[in-house]
Amino acid sequence: MRHLAAHHYPNLVRRWQRVAPKAGLILREFAESGNHPLYSLASVPARHECPSVYLSAGIHGDEAAAPEALITWVEKNARWLRKFRALIFPCLNPWGLVNNSRLDIRGRDLNRCFNNPRVPQIRAHLKILGRAQFDLALMLHEDYDAKGLYIYEVAQKLPHWGEELLAAALPGMMPDTRKSIDGRRNRSGLVRRKITPDLMPDWPEAFVLHFSHATRTFTIETPSEFAMDERVAAHEAILSVALGKCLAAFSPASANRFPFPGGGD
Ligand SMILES: [Zn+2]
């Protein structure tokens, strides 16, 4: 599959509208950003005897393989996704996607605003999250400095899954082997460190998921200078393995029971 329209937001929305019923998802507009509607999708009716997953992409608009990979993967796995309770944010910065910009229309890095409820779309996003609990949260990103694939992993539970997630993308995408990434130690494509609320003054999305909502939180970073098809394929492979592991590890006794805003509850 060629990914030729990855910056075309209306096309992306049409694809989500088409796939949502097949995947048992309800699409809702929850805010707007730069004159574009923002959408979430939630499993409905909410099923409690399933693992719960949070998936998001496109908070940085110049990382086009991320929203493209998420919709492509859901199109291929729509029926299988019914085995999960899913909350999906398919593109969190549509103005950025259309304009190939990391920032939003007001020059904000939205992935540094998650402790700033004065930003309207962040406030709306946090409201949807509510008290939701997820077995797994995956945030899809790209990095133009990257020399390969790398993953930030923060988990409240062992064993770590990061190695298997990296391996899933082989041989199509090698891990980034730089010694450090953004000043943090990189171990063959894995960046793990303890996250505390005072680590950064301006929180990324992953902080909120880790602190309040998710047992396992991964930020997936593909190298945006590589070929689009390779980057999309790497994200897709990781989604498949991560959700597969989530399903295999799930037991109904440990199901997260919570009101699922945007879903059927
Ligand atoms: Zn990013």
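**Figure 1. The whole protein chain.** The protein chain of this predicted model contains seven helices and ten strands. Its C-alpha trace spans about 45 × 45 × 40 Å along the principal axes. For 265 residues, a compact globule would have a radius of gyration near 18 Å, and the 17 Å of the protein chain agrees with this. Of the 265 residues, 57% count as buried. Among contacts with a separation of 6 or more, 78% are between residues 24 or more positions apart.

**Figure 2. Surface and charges of the protein chain.** The side chains include 34 positive and 27 negative ones. The centres of these two sets lie 6 Å apart.

**Figure 3. Helix α1 and its buried residues.** Helix α1 runs over residues 9-19. Its buried residues are Y9, L12, V13, R15, W16 and V19. They lie on the same side of α1, because they cover an arc of only 155° around the axis. The cover over these buried residues includes three strands, β1 (25-33), β2 (36-43) and β4 (85-89). It also includes two helices, α2 (65-76) and α3 (94-99).

Figure 4. L12 belongs to helix α1. Its relative accessible area is 6%, so L12 is buried, the cut-off being under 20%. Leaving out residues up to four places away in sequence, L12 touches P67, I71, P90, C91 and L97. One of these contacts, I71, is 59 residues from L12 along the chain. The C-alpha atoms of L12 and I71 are separated by 7.6 Å.

Figure 5. With a relative accessibility of 14%, G34 counts as buried. Apart from residues up to four places away in sequence, G34 touches W95 and I105. G34 and N116 are 82 residues apart in sequence, and their C-alpha atoms are 18 Å apart in space.

Figure 6. G34, in contrast, counts as buried at 14%. Phi of N35 is near 65°, a positive value in a residue other than glycine. Most residues other than glycine have a negative phi.

**Figure 7. I105 and its contacts.** I105 lies in the loop between α3 and α4 (120-129). Its relative accessibility is 42%, and I105 therefore counts as partly exposed. Neighbours within four places in sequence aside, I105 is in contact with G34 and W95. I105 and W95 are ten residues apart in sequence. Their C-alpha atoms are 6.3 Å apart in space. G34 in turn touches W95.

**Figure 8. The cis peptide bond between L158 and P159.** L158 and P159 are joined by a cis peptide bond, with omega about 0°. P159 is part of the loop between β6 (150-155) and α5 (162-168). Most peptide bonds are trans.

**Figure 9. The cis peptide bond between L170 and P171.** The peptide bond from L170 to P171 is also cis. Its omega is near 0°. P171 belongs to the loop between α5 and β7 (180-181).

**Figure 10. D182 in the loop between β7 and β8.** D182 is located in the loop between β7 and β8 (184-185). Its phi is near 50°, which is positive in a residue other than glycine. The relative accessibility of D182 is 60%, so D182 counts as exposed.

Technical notes
Residues are numbered from 1 along each chain as its sequence is written. This is a predicted model: local features need pLDDT of at least 70, side-chain atom pairs count only at pLDDT 80 or more; totals for chains, interfaces and linings use all residues. Side-chain values use heavy atoms; hydrogens and water are left out. Buried means under 20% relative accessible area, exposed over 50%, partly exposed in between (1.4 Å probe, protein chains only). Helices (H or I, at least four residues) and strands (E, at least two) are DSSP runs, numbered from the N terminus. The arc is that of the directions from the helix axis to the C-beta atoms. Contact means heavy atoms within 4.5 Å. The radius of gyration is taken over C-alpha atoms; the globule rule is 2.2 Å times the number of residues to the power 0.38. Lys and Arg count as positive and Asp and Glu as negative; His and the chain ends are not counted. The place of a charge is taken as NZ of Lys, CZ of Arg, CG of Asp or CD of Glu.
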